Amino acid sequence: MNEPAAPRQLVLVGGGHSHALALRRLAKTAPPDLRITLISPDPLAAYSGMLPGLVAGHYDVAESHVNLPRLCRARGARFLAARVTALRPDARQLVLDNGDTLNYHLLSLDVGATPDLQTVPGAADHAVPVKPVSDFRRRWQDLRATLEDHRGPLAVTVVGGGAGGTEMVLAVARALRRRGRSATFNLVTSAQLLPGAAKGVRRRMAQRLAADGVTVLEHQPVRRVDAGSVETDAGPLRHDFLLWCTGARAPAWLAASGLPCDENGFLRVEATLRSPADARVFAAGDCAAFPGGLPKAGVYAVRQAPILARNLVATARQRPLKPYRPQRRFLSLLSAGDRDAVGSRGPWPTLSGPWVWRWKDHLDRAFMARLDASDEPPGSP
Ligand SMILES: Cc1cc2nc3c(=O)[nH]c(=O)nc-3n(C[C@H](O)[C@H](O)[C@H](O)COP(=O)(O)OP(=O)(O)OC[C@H]3O[C@@H](n4cnc5c(N)ncnc54)[C@H](O)[C@@H]3O)c2cc1C
């Protein structure tokens, strides 16, 4: 009698939005001989839409993070707590930070991106990057712990005037206000505030920033960072806490793998989310360089999830793949510190106020409920 064939390994690297959502469909449709392993260094994956709310004090960690081991258990997948440090496509092998190697038949990458700390001297030594979120959370807790000993107003500088930086400076302002701390805030950006956002969104967020006492320095690239100050063309800015929310950088091991990457090191994919050079490697979310380019935004990672799952299963079953077609317009909701938000969709008028925050809160909680596998029996799709 023939031995049954060994199971094939589908390895998902990173617990980002795409993988967390794709697991449900994979559990339902993957062939029975495909074993699924998800690797992430952190068992908790932050949901970016709720991250400013976590800092502002609207949510706790459990509400704003996906519990990856629990999700994997419910979806019949294995969770491996490790960080991938190298990818060897020729050997179909991953190297982990504990020195182990892991072989795969099929690989999917959803490892996100981190703020770029390399291009400004001193930034890597003195700034707190907003990602990885687990590191940011620890540094933010450290800051809160030292607040009691701090005399005088606290000086906070946030570098990066995109959605992340703008939401975060308002969230930090709200958090310090709740603790009765007086503070000064600078938001420094090399471009204009919220480039790419609708005019109405920019105007209303600028109003919120002004009302919270945030000084916005537009078109001011940071030239150097020292302990306690950043150097801009307008002069030095002193800080006690420096948060870095600038443009995204890819994990270096993606480009080191030899697979085609874009000029910023993000893995090139075809419209099917598959590497053009390796039919066994897929990528989604921020770490993927989609044809024609896409903004690094969670909405794309979310919408790519069903196509990613579908195409991974199609590859395992040797069936044709489907392309992902990015939506041209989507609802964008920015939180504005207090229970207040600003929203827009395409050419429609900008909305703002507490009811927009309640709407955003409802959508964010509904999203997390899809990933809360706590009441599902193991293996149930
Ligand atoms: C403050 C803030 C607010 C934001 N708000 C919004 C918003 O409202 N709407 C929106 O669309 N976008 C928003 N974004 C952007 C959004 O965060 C990203 O676009 C989104 O998180 C990308 O999702 P992803 O699936 O690519 O990866 P991520 O969510 O970044 O997840 C990547 C995962 O991979 C894991 N990982 C990383 N390296 C490795 C490794 N080597 N080995 C194994 N695992 C690894 C990480 O631990 C992490 O769990 C915001 C960003 C910030 C900073």
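**Salt bridges, aromatic pairs and sheets in a predicted model**

Arg174 is buried, with a relative accessible area of 14%. In this description, buried means under 20% relative accessible area, exposed means over 50%, and partly exposed lies in between, with a 1.4 Å probe and protein chains only. The model is predicted, so local features need pLDDT of at least 70 and side-chain atom pairs count only at pLDDT 80 or more, while totals for chains, interfaces and linings use all residues. Residues are numbered from 1 along each chain as its sequence is written, and side-chain values use heavy atoms, with hydrogens and water left out.

The side chain of Arg174 meets that of Asp338 in a salt bridge, at 3.0 Å from N to O. A salt bridge is taken as a side-chain nitrogen of Lys or Arg within 4 Å of a carboxyl oxygen of Asp or Glu. Arg174 belongs to helix H7 (residues 163–178) and Asp338 to the loop between E23 and E24, so the pair ties together parts that are 164 residues apart in sequence. Helices (H or I, at least four residues) and strands (E, at least two) are DSSP runs numbered from the N terminus. Asp338 is partly exposed, at 34% relative accessible area. A network of salt bridges links Arg174, Arg177, Asp212 and Asp338.

The structure holds 16 salt bridges. Among them is the one between the side chains of Arg70 and Asp372, also described by an N to O distance of 3.0 Å. This pair links distant parts of the chain, with Arg70 in helix H4 (residues 68–74) and Asp372 in the segment after H11, 302 residues apart. Arg70 is partly exposed at a relative accessible area of 32%, and Asp372 is partly exposed at 33%. Another salt bridge joins Asp361 to Arg365, with the closest N and O atoms 3.1 Å apart. Both residues lie in helix H11, 4 residues apart, about one turn of the helix. Asp361 counts as buried at 14% relative accessibility, whereas Arg365 is partly exposed at 36%.

Helix H11 (residues 354–371) also gives the most to a nonpolar patch, with 3 residues. The patch covers about 350 Å² of surface and is made by Leu351, Trp355, Trp359 and Leu363. Patches are made of residues with over 30% relative accessible area and no salt bridge; like charges are joined within 9 Å, and nonpolar side chains (Val, Leu, Ile, Met, Phe, Trp, Tyr) within 5 Å. Accessible areas come from the Shrake-Rupley method with a 1.4 Å probe, and for residues only the protein chains shown count as cover.

A search of the whole structure finds 6 aromatic pairs. Rings of Phe, Tyr and Trp (its six-membered ring) pair if their centres lie within 6.5 Å; planes under 30 degrees apart count as stacked, over 60 as edge-to-face and the rest as tilted. One of the pairs, Tyr300 with Phe330, is edge-to-face, at 5.4 Å centre to centre and 85° between the planes. Tyr300 is in helix H10 (residues 298–316) and Phe330 in the loop between H10 and strand E23 (332–335), so the pair ties together parts that are 30 residues apart in sequence. Tyr300 is buried at a relative accessible area of 7%, and Phe330 counts as partly exposed at 23%. The ring centres of Trp355 and Trp359 are 6.2 Å apart and the planes are at 15°, so this pair is stacked. Trp355 and Trp359 are 4 residues apart in helix H11, separated by about one helical turn. Trp355 counts as partly exposed at 44% relative accessibility, and Trp359 is partly exposed at 30%.

Strand E23 pairs with strand E24 (residues 341–344) in the antiparallel sense over 4 bridges. Two strands pair if DSSP finds at least two bridges between them. Leu333 stands opposite Gly343 in E24. The hairpin of E23 and E24 has 5 residues between the strands, and Gly337 in this hairpin takes a positive phi near 85°.

Elsewhere, 3 strands form an open sheet in the order E6-E7-E8, with antiparallel pairing. Strand E6 (84–88) and strand E8 (101–103) stand at the edges with a single partner strand each, so one side of each is left without a neighbour in the sheet. E6 and strand E7 (residues 93–96) pair in the antiparallel sense over 4 bridges. Leu87 has Leu94 in E7 as its bridge partner.
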